[in-house]
Every structure is written in structure tokens, then in C-alpha cells.
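Me: I'm new to this one and would like to go through it bit by bit. Can I show you the model and ask as we go?

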Amino acid sequence: MESMTNTAATLPDFVQSLPKVELHLHIEGTLEPEMLLTLARRNGVHIPYRTIDAARAAYQFADLQSFLQVYYLGGSVLRKERDFYELTQAYLARCKVQRIRHAELFFDPQTHLANGVALEAVIGGIHAALRDAERDWDISSALILCFERDRDPEPAVALLERACRLGGIVGIGLDSAELGHPPGRFQEVFAVAGSLGLHRVAHAGEEGPPAYIWQALDVLGVERIDHGVRCLEDPVLVHRLVDDRVPLTVCPFSNVALKVFDQLSTHNLARLLKAGLWVTINSDDPAYFGGYLNENMIDTLSCLNLTARDALILERNAVTAAFCSDQRKQSLLKELDEYGASPQNGL
Ligand SMILES: [Zn+2]
């Protein structure tokens with residue numbers, strides 16, 4: 001009993017200063033209500049909220065579909081290269097405060113193209129902020145282009161080729177409304193990405209069934225599964241994920257906000273770990289789901305009676321699963337080892 005009390009008391013401090021890696025983060029999902037209103041005003045975009053409180057009240061959801069409606073409305077205020085720079089810079093400033101040492105960002109170019117924004121402005125703005133954070137704060141990063149699975153897959157290859165000509169993309173992903181949109185529809189663009197040497201990931205098994213995870217692995221050839229929490233419904237799939245060491249980028253606050261689980265205390269993250277799966281914790285769309293990486297980790301670990309030792313395991317998993325150079329991985333693993341070995345951290 002005494003040791004449990006000690007663990008609970010030290011866990012928030014331990015997690016806050018722990019060097020961390022974020023692998024599942026949609027940059028559009030970091031748009032806080034304050035910036036939403038500022039950009040709407042600056043760009044003359046009409047949105048149905050007049051105050052920060054009204055915008056915050058709208059950030060409440062019943063499921064993925066109702067979330068996406070608010071999310072894409074938010075994305076519509078991003079119009080200029082400067083907007084993408086400021087959005088990304090604000091997230092990276094939080095990374096600095098939260099001691100996130102490496103961040104992999106998703107972005108949804110199809111949303112912005114549909115709003116009449118040039119691809120150059122989107123990628124240029126995000127990339128400039130990533131470069132500045134690496135130079136000023138030693139935060140390394142990677143940019144992953146996501147295709148929206150509820151759109152037509154046909155123009156995806158041409159978009160990928162345009163993005164590659166601009167440079168700066170390390171991989172592709174698949175996001176947006178999962179149910180009714182199996183990953184296999186995007187086989188062609190994932191094959192092209194593979195032939196170009198790009199990394200491949202996909203959202204699967206969040207609201208969708210284990211069959212979508214199988215498709216992401218076998219049809220799209222992904223290296224990581226984003227979410228993947230429903231894999232436990234299929235023991236054969238769990239074996240496959242364990243044997244092939246496929247990382248899962250789990251996002252607990254997102255899962256609760258979108259009602260995949262009723263509450264954090266019923267989340268299956270501890271069972272995923274116990275099954276030997278390669279689990280990481282991430283924040284997904286933190287402005288919409290009530291917290292960034294530290295809040296996700298602290299609250300989830302506390303609710304599931306997990307410890308500082310588990311936090312260290314989760315971050316070792318995340319470093320190893322990252323799309324950065326071996327040299328950077330070794331340096332981050334060393335930071336983690338030194339942090340874990342430090343007597344004042346109470347492990
Ligand atoms: Zn996501």
C-alpha cells in the first residue's frame with residue numbers, strides 16, 4: 001500500500017521531466033480556440049462561434065463523425081503559410097515545455113487544398129516551424145502526409161508526387177472517418193509510397209474492426225498502426241502484431257472523448273502492454289481532446305495503476321518506433337537511460 005502511495009505521488013513529476021517522443025499528432029488538432037478565433041478574424045473566415053467559451057463548448061463530441069465536423073470547420077481558418085507556421089510553432093513551444101524531444105506530425109493536405117490553400121503554403125509553413133524548433137530547441141521532427149480515407153482514393157498518387165517534389169515528407173498515413181472506409185481502397189498510393197522509400201502508417205482499429213488492421217498490414221504494408229486498440233478482439237492478430245513488433249500509437253484521451261472507451265479507467269492500454277504489444281502513448285488532437293502528451297500519460301498511467309517504470313517502457317517503445325536517424329535514436333535512448341538511472345527520479 002505504501003509503495004502505491006509513493007508511486008502516485010511521484011508519477012506526475014516523473015512524467016513531466018521525462019524525455020518524450022510523440023508519434024501520433026495531427027497538427028490541425030492542436031488548434032486551440034484562441035487561435036481559431038484569431039485566424040478566423042484575420043482571414044475573414046466565418047465560423048459559428050463568437051467567443052472562446054462558445055468554441056470550447058463546441059469541442060464536445062459523441063463520436064468520430066461529430067468530432068470531424070468541428071475539426072474540419074476549425075481547419076478552414078488556416079489559409080496562409082504564416083498560419084501554418086504559427087500553428088506548428090505553438091505546438092512545438094508546448095513540446096519544449098512538456099519535454100517532447102522528437103515529434104512526428106500528421107497533416108491533412110486535402111482539407112486545405114479544398115479550401116483553396118496552395119500545397120506550398122501548407123508544407124512551407126509547417127516545415128519552417130519544424131526547422132526553427134530543431135535549431136533553437138533541439139526538438140527533432142518528421143512530417144507525415146495523411147490521406148483522408150472518406151475521400152476518393154483516385155487523386156492520391158498525383159498529390160503524393162506533388163508533395164514529394166516539394167520535399168520534406170518522410171511518410172504517408174491514412175486518417176479521417178474510419179467506419180465504412182476500409183484501408184484497402186488506398187492500396188495504390190501506399191504501393192507508390194513504398195516504391196519511393198517513404199514510411200507508411202495508417203489509422204486502423206480505433207472505431208473500425210480488427211479486419212481493418214489486417215488490411216493496413218497486408219494490403220498497405222504499414223510499419224505502425226495508429227490507434228489499433230481493437231486488436232485485442234482478434235487473438236491471431238495480436239500474435240501477428242507481437243511477432244512482427246508492430247508499434248501501436250495509442251491515444252487515450254482521444255479514445256475516451258470519442259467514446260471508444262467510457263472512461264480512462266476502462267481503457268485497454270494496460271492489457272495491450274500485458275499482451276506484449278509495442279505500445280506508445282500519444283495525444284492525437286490535443287486541443288480537442290483535453291490535453292497534450294503529459295496529461296495523456298499522467299492521467300492514463302494513474303487511472304490504470306501503472307508506474308513510472310511503465311512510463312519509461314512506453315517512451316523507449318516510442319523512440320524505437322520513431323522515423324528518425326539511428327544516431328538520433330541512440331541519443332534519445334541515452335537521455336532516457338540517464339533519466340531513469342538518476343536517483344532523484346525515485347525508480
Ligand atoms: Zn489520429
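Predicted model: local features only at pLDDT ≥ 70, side-chain atom pairs only at ≥ 80, totals over all residues.

Me: Staying with helix α2, which helices are included in what covers its buried residues?
Reply: Helix α2 runs over residues 33-43, and its buried residues are Pro33, Met35, Leu36, Leu37, Leu39, Ala40 and Asn43. The cover over those buried residues includes α3 (52-58), α4 (64-75) and α5 (81-98).

Me: Which residues does the UniProt "binding site" annotation cover, and why can they be said to gather at one spot?
Reply: The unreviewed UniProt entry puts that label on His24, His26, His203 and Asp284. They span 261 residues in sequence, but they still gather at one spot, because no two of their C-alpha atoms are more than 11.8 Å apart.

Me: And which of those annotated residues are in the lining of the largest cavity?
Reply: The annotation names His24, His26, His203 and Asp284. Of these, the lining of the largest cavity includes His26, His203 and Asp284.

Me: Is histidine 26 buried or exposed?
Reply: Histidine 26 sits in strand β1, residues 20-26. Leaving out residues up to four places away in sequence, histidine 26 touches Tyr71, Phe106, Asp175, His203, Asp284 and Asp285. Its relative accessibility is 4%, and buried means under 20%. So histidine 26 counts as buried.

Me: Where does aspartate 284 sit, and which side chain does it join through a polar contact of 2.9 Å?
Reply: Look in the loop between β8 (278-281) and α14 (286-289) for aspartate 284. With a relative accessible area of 3%, aspartate 284 is buried. Setting aside residues up to four places away in sequence, aspartate 284 touches His24, Leu25, His26, His203, His227, Cys251, Ser254 and Phe289. The side chain at the other end of that 2.9 Å polar contact belongs to histidine 24.

Me: What are the phi values of aspartate 284 and histidine 227?
Reply: Most residues other than glycine have a negative phi. Aspartate 284 has a positive phi near 65°. Histidine 227, in strand β6 (residues 224-227), is buried at 1% relative accessibility. Phi of histidine 227 is also positive, near 80°.

Me: How are helices α16 and α17 oriented to each other?
Reply: Two packed helices are described by the angle between their axes and the distance between the axes. For α16 (residues 308-321) and α17 (residues 326-341), the axes come within 9 Å and cross at roughly 170°. Where they meet, Leu312, Glu315, Arg316, Val319 and Thr320 of α16 face Lys329, Leu332, Leu333, Leu336, Asp337 and Gly340 of α17. An angle over 145 degrees counts as roughly antiparallel, so α16 and α17 are roughly antiparallel.

Me: Last one: how far apart are the end C-alpha atoms of residues 19-338?
Reply: UniProt lists that span as "domain: Adenosine deaminase" in an unreviewed entry. The span is 52% helix and 15% strand, and its end C-alpha atoms lie apart by 10 Å.

Note on methods: Residues numbered from 1 in each chain as written. Heavy atoms only, no water. UniProt positions renumbered as here; feature names shortened; annotations may be inferred. 1 Å grid on protein atoms, 1.4 Å probe; cavity = no way out; pocket = protein on both sides within 12 Å on 5 of 7 lines; lining within 4 Å. Helix = DSSP H or I, 4+ residues; strand = E, 2+ residues; numbered from the N terminus. Buried < 20%, exposed > 50% of the residue type's maximum accessible area, 1.4 Å probe, protein only. Contact = heavy atoms within 4.5 Å. Polar contact = N/O pair within 3.5 Å; in protein donor to acceptor, adjacent residues only side chain to side chain. Axes fitted to C-alpha atoms, helices over the stretch in contact; angles between N-to-C directions. Parallel < 35°, antiparallel > 145°, perpendicular 65-115°, else oblique.
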